[in-house]
Amino acid sequence: MTLHPKIVEITERVRQRSAATRAAYLARVSAAPAATNRSELSCTNLAHAFAASPAQDKLAIRELRSPNLAIVTAYNDMLSAHQPLRDYPEWLKEAARSVGATAQVAGGVPAMCDGVTQGQPGMELSLFSRDVIAMATAVSLSHNMFDAALYLGVCDKIVPGLLIGALSFGHLPAVFVPAGPMPSGITNDEKAKVRQLHAAGQIGSDALLEAESKAYHSAGTCTFYGTANSNQMLMEVLGLHLPGAAFVPPGTALRYALTQEAARQAVAISRQGGAYTPVGQMIDERSIINAIVGLLATGGSTNHTLHLVAIARAAGVIIDWDDFDALSAVVPLLARVYPNGAADVNQFHRAGGMAFLIRELLAAGLLHDDVQTVMGVGLSRYAQSPALSSDGRLVWVDAPSESGDAGILRPASEPFSHDGGLKVLQGNLGRSVIKVSAVKPQHRVVEAPARVFESQNAMLDAAKRGELDRDVVVVVRFQGPRANGMPELHKLTPTLANIQDKGFKVALVTDGRMSGASGKIPAAIHLTPEALAGGEIAKLRDGDVIRLDAETGRLEAVLAEADLRARTAVSPDIRANEWGMGRELFGVFRNAVGGAELGGSVFETFH
C-alpha cells in the first residue's frame, strides 16, 4: 500500500531536521569494534566475568566463538507487572544454550510502581527514574561482555529507560521481553465509579480498598490502557518484541515459548548469528513515526509525548509536539480501551489485538513497512499473532480478517474517529497537550474562572470544602520537572469527575502530568514553559478567566497581553514540599532537566 502523503511529508521533515544528529549517532554506532566485545578484554577481565558461570557456559564464553547475551532485568515482586519476570533469566539461559550461545544477567534496574506512588511523595521520583534506569542499563552493558541484549521490563518509565539505555549501546542488537497482563478483574468503569464515590465521601476506605483489590488482583500488568500497556504496544510497532508478544498472559505455555524464542532470536540477530541487526541502526526516523502513529491510533498514554521525544533523541532523531499534532490529524482512532472506552487490554487482545491493528494501519498507508525489526525487514511480519501448534511448536498466524468486537477494535475504513485524539494546545500560557479521545465532545470547550493551586492536596482540600462546585478551570502549578520532578496528578481525577458530574464545566491546566489514565476531564497537561522556568502559568490569579478549546487547539488566559506580561510571577512555597522524596539525590536532575517538550530529560543537556 502506498504511504499516506502526510506520513511521507512528516517523516521527511523529521529526517531533514535530524540529519546532523542522526549522522553523529550512527558514526558512534559504527565505531564499535567489529569483533566480539570480549576479545577486547584482558585475561584478568575475562576471568572475572565468567568466574561464577556453570562449566559449560564458562567454556563457551572463554572461547569467544558464540554469542553471549546480556539480560537486563527490572524484576521485583512488589510490582505486579514485573513479578512474572522472576523466572525469565533461567528460561533465557536455557534457550541460549539450545542454540550454542550463553546468557548472563548483566544487571538490574530500579522499577517503581506509579500505581503505588500516585498522590504520594515518592511520585516525585517517577519521571527521573526513567533516566536512572537508562543509566543503570548502560552500566549493565559497560562490561563489554555481550553480543546482544534482552531487556525485561513492562511499566511506565521502565521500558523507555531501558530503550534509551539500549540505544546508548546502539551497536548491540536488542530484544524486549514482556510479561503480559493480569486476568481481568472488575471493570474499569466500576473501579472509576467507586473512586468517585469515595472522593465524594459516600463510601469508606474499606469499600474502596475492596474494589481496588478486585481490580488489581494478581501477577501481570494492570489491564487498563495506561502507560505500561502503551509501552507494550510501542515495542511491537517498533519491532522490538517478537510479533504478538505484548498481551499474551503470564503463566501460560505460549508466554513461556515466546520468552525462550526471544533468546534464540537475539542470538540470530547478533554478529555471529548471521542477521546482525544493531538496535541503533534499527530505530530510525521511520520507526519513530510508526511509534507515534501506533500511539495515536490506540489512544495511548500522554506520557509518551515526553518519552518518545527522549527515546528519539537517544537515537539522534529529533521530533517535537508539532509532529504528534500533525500526525493526529490524519491517523484514525481504531481502538477503544479504557480510559478511551470500557474494554481492557485482554478484551482488545481477544478482538484481534496488535496483529489486526498493525495490518489495518499498514493497509491504510499509515505505517512504514520497510523498517528493520528483530524479525528482519518488514513490519508486515507483525500483522501475525503467535500460537502453539498441535505438537507444541511456536507458530504465527495471520491477523483475523474482521475484528472480534467492533466496539473495541475497528478497521481503518470504519474508525471510531478520523483523528488520533491528541492535540497540542497553544496560547498566551504556552504549549500543552490534551488527550481528547477520552473526553466527550460536550466537555471539550471550557471557559471559566480559574482557581489556582500549588499542590494537588491543596486542590483536594478546597474541593472537600465545596469551593469548587461551580464552573471552574483548576490550575495546579509548580508541578514541572524542575519544580518537583513532574509527578502524575492522577489523584485529582475522581474529584474533578465528581464536579463535572454535578453539571458544572470543569477543566484542568497544569505543568504536571496526568499519565496514561487521563480522561473524562479536559486536561491541558505538560504545560511548557513550566512555572519554575518562567512560564506564564506562574502569573495566574484566582478569578482569571481561562479558555480551553480542544476543538481549535487554544489555551488562553482571557487577559490583555500587556496585563499578563506586567504581572509578577509567584514564587513557589518551598516549605510545602520541603520533605520531598529524594530531593537531595535528584538535585542534579532538577537543575539540568529539559522541559516537557524535550521529553523532561537530562540527556538533552549532556548530549
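Biologist: What do the buried residues of α10 pack against?
Modeller: This is a predicted model. In it, the buried residues of α10 pack against α9, residues 188-199.

Biologist: Which residues of α10 are buried?
Modeller: Helix α10 covers residues 205-215, and its buried residues are Leu208, Ala211, Glu212 and Ala215. Seen down the axis of α10, they fall within an arc of 100 degrees, so they line one face of the helix.

Biologist: And what exposed residues does the face turned away carry?
Modeller: Asp206 and Leu209 are the exposed residues on the face of α10 turned away from its buried side.

Biologist: Back to α9. At what angle do the axes of α9 and α21 cross?
Modeller: Roughly 85 degrees, and the axes come within 8 Å. Helix α21 is residues 493-501. Angles of 65 to 115 degrees count as roughly perpendicular, so α9 and α21 are roughly perpendicular to each other.

Biologist: Which residues make the contact?
Modeller: From α9, Arg195, Gln196 and Ala199. From α21, Pro494, Thr495, Ala497, Asn498 and Asp501. The residues of this contact divide into three nonpolar, three polar and two charged.

Biologist: New topic. Which residues touch the most other members of the largest nonpolar core?
Modeller: Leu150 and Ile319, in a core of 151 residues. Helix α14, residues 285-298, gives the most to this core, with eight residues. Another core, of 25 residues, lies apart from it, and Val473 and Ile546 are among its members.

Biologist: What does Leu150 touch?
Modeller: Leaving out residues up to four places away in sequence, Leu150 touches Leu69, Ala70, Ile71, Val72, Leu92, Val175, Val177, Ala262, Ala263 and Ala266.

Biologist: You mentioned Val473. Where is Val473 placed?
Modeller: Val473 is in strand β12, residues 472-476. Val473 counts as buried because its relative accessibility is 0%, and the cut-off for buried is under 20%.

Biologist: What does Val473 touch?
Modeller: Not counting residues up to four places away in sequence, Val473 touches Val446, Ala448, Pro449, Ala450, Arg451, Ala507, Val509 and Ile546. Val473 and Asp544 are 71 residues apart in sequence, and their C-alpha atoms are 9.3 Å apart in space.

Biologist: Last one. Is Thr528 buried or exposed?
Modeller: Thr528 is buried, with a relative accessible area of 14%. Thr528 is found in strand β14, residues 523-528. With residues up to four places away in sequence not counted, Thr528 touches Trp321, Leu429, Gly430, Arg431, Ala596 and Glu597.

How values were computed:
Residues numbered from 1 in each chain as written. Predicted model: local features only at pLDDT ≥ 70, side-chain atom pairs only at ≥ 80, totals over all residues. Heavy atoms only, no water. Core = buried A, V, L, I, M, F, W, Y, C linked by side-chain atoms within 4.5 Å. Buried < 20%, exposed > 50% of the residue type's maximum accessible area, 1.4 Å probe, protein only. Helix = DSSP H or I, 4+ residues; strand = E, 2+ residues; numbered from the N terminus. Contact = heavy atoms within 4.5 Å. Arc of directions from axis to C-beta. Axes fitted to C-alpha atoms, helices over the stretch in contact; angles between N-to-C directions. Parallel < 35°, antiparallel > 145°, perpendicular 65-115°, else oblique. Nonpolar A, V, L, I, M, F, W, Y, C, P; charged D, E, K, R; others polar.
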